[in-house]
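Please read it with the structure open.

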Amino acid sequence: IAGGAQLGDPTERALLSAARAVPRIVLPGFLSGRPLAELFSHAGLFVLPSLYEGLPIALLEALSYGLPVAVSDIPPHREIPLPPFRYFPPAAPAALAGKIAECLERGITEEERASALGLLRRDFDWDAIAERTLAVYRSALP
């Protein structure tokens with residue numbers, strides 16, 4: 001379990017309690033660079049139980065690795081079109097546990113993986129975004 005959470009959140013409390021009870025659960029905290037890439041490369045499921053989010057960059061990154069995902073049902077996550085079964089109610093540890101089990105069992109189909117990668121190429125390619133931004137600036141020039 002990498003990253004942080006909102007202190008006092010019921011889901012975080014449940015995760016911390018489970019981590020203390022199960023020695024195989026590791027809480028490395030914030031990761032970036034190679035350690036994060038290694039984690040994404042070897043993960044079986046990416047879970048994002050956020051209550052608040054802007055653009056969910058970590059979710060986009062997980063999708064770029066072709067990972068199956070499970071995310072809280074909040075508006076910013078709904079902006080990333082995922083199959084409906086990928087969402088779970090926020091701040092509901094029992095629902096989160098059930099969704100993790102379901103998503104681990106289902107995995108990800110090649111069709112779903114291809115759809116996610118197509119979405120990333122179409123809507124979240126930073127080179128294309130930079131070109132569109134530059135075009136807007138150029139159009140504003142006299």
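1. Ground rules. This is a predicted model, in which local features need pLDDT of at least 70, side-chain atom pairs count only at pLDDT 80 or more, and totals for chains, interfaces and linings use all residues. Numbering starts from 1 along each chain as its sequence is written, and side-chain values use heavy atoms, with hydrogens and water left out.

2. Fold. The protein has seven helices and three strands. Both are DSSP runs numbered from the N terminus: helices are H or I with at least four residues, strands are E with at least two. Along the sequence the pattern reads α-α-β-α-β-α-β-α-α-α.

3. Dimensions and burial. Along the principal axes, the C-alpha atoms fill a box of roughly 65 × 35 × 30 Å. Of the 142 residues, 29% count as buried. Buried means under 20% relative accessible area, exposed over 50%, and partly exposed in between, with a 1.4 Å probe and protein chains only.

4. Contact range. Take the contacts with a separation of 6 or more: residues 24 or more positions apart account for 49% of them. Contact here means heavy atoms within 4.5 Å.

5. Main core. The largest nonpolar core holds 18 residues, and Phe-46, Leu-59, Leu-63, Val-69, Ile-80 and Leu-82 touch the most other members. At least two residues each come from α2 (33-42), β1 (46-48), α3 (57-64), β2 (69-72) and α6 (110-123). The largest share, four residues, is supplied by α3. A nonpolar core is a set of buried Ala, Val, Leu, Ile, Met, Phe, Trp, Tyr and Cys residues joined through side-chain atoms within 4.5 Å.

6. Leu-63 and the second core. Not counting residues up to four places away in sequence, Leu-63 touches Val-69, Ile-80, Leu-82, Ala-116, Leu-117 and Leu-120. A second, separate core has six residues, including Leu-45, Ala-70, Phe-88 and Cys-103.

7. How do α3 and α6 pack? Their axes are 9 Å apart, at an angle of about 125°. That makes α3 oblique to α6. Axes are lines fitted to C-alpha atoms, for helices over the stretch in contact, with angles from 0 to 180 degrees between N-to-C directions. Angles under 35 degrees count as roughly parallel, over 145 as roughly antiparallel, 65 to 115 as roughly perpendicular and the rest as oblique.

8. Contents of that contact. Leu-60, Leu-63 and Ser-64 in α3 meet Ala-116, Leu-117 and Leu-120 in α6. By class, there are five nonpolar, one polar and no charged residues. Ala, Val, Leu, Ile, Met, Phe, Trp, Tyr, Cys and Pro count as nonpolar, Asp, Glu, Lys and Arg as charged, and the others, Gly among them, as polar.

9. His-77. This residue lies in α4 (residues 75-78). His-77 counts as buried because its relative accessibility is 0%. Beyond four places in sequence, His-77 touches Leu-48, Ser-50, Glu-53, Pro-56, Val-71, Ser-72 and Tyr-87.

10. Lys-99. Leaving aside neighbours within four places in sequence, Lys-99 is in contact with Ala-70, Phe-85, Tyr-87 and Phe-88.

11. Leu-51. Look for Leu-51 in the loop between β1 and α3. At 23% relative accessibility, Leu-51 counts as partly exposed. Its C-alpha atom is separated by 8.6 Å from that of Asp-73, 22 residues apart along the chain.
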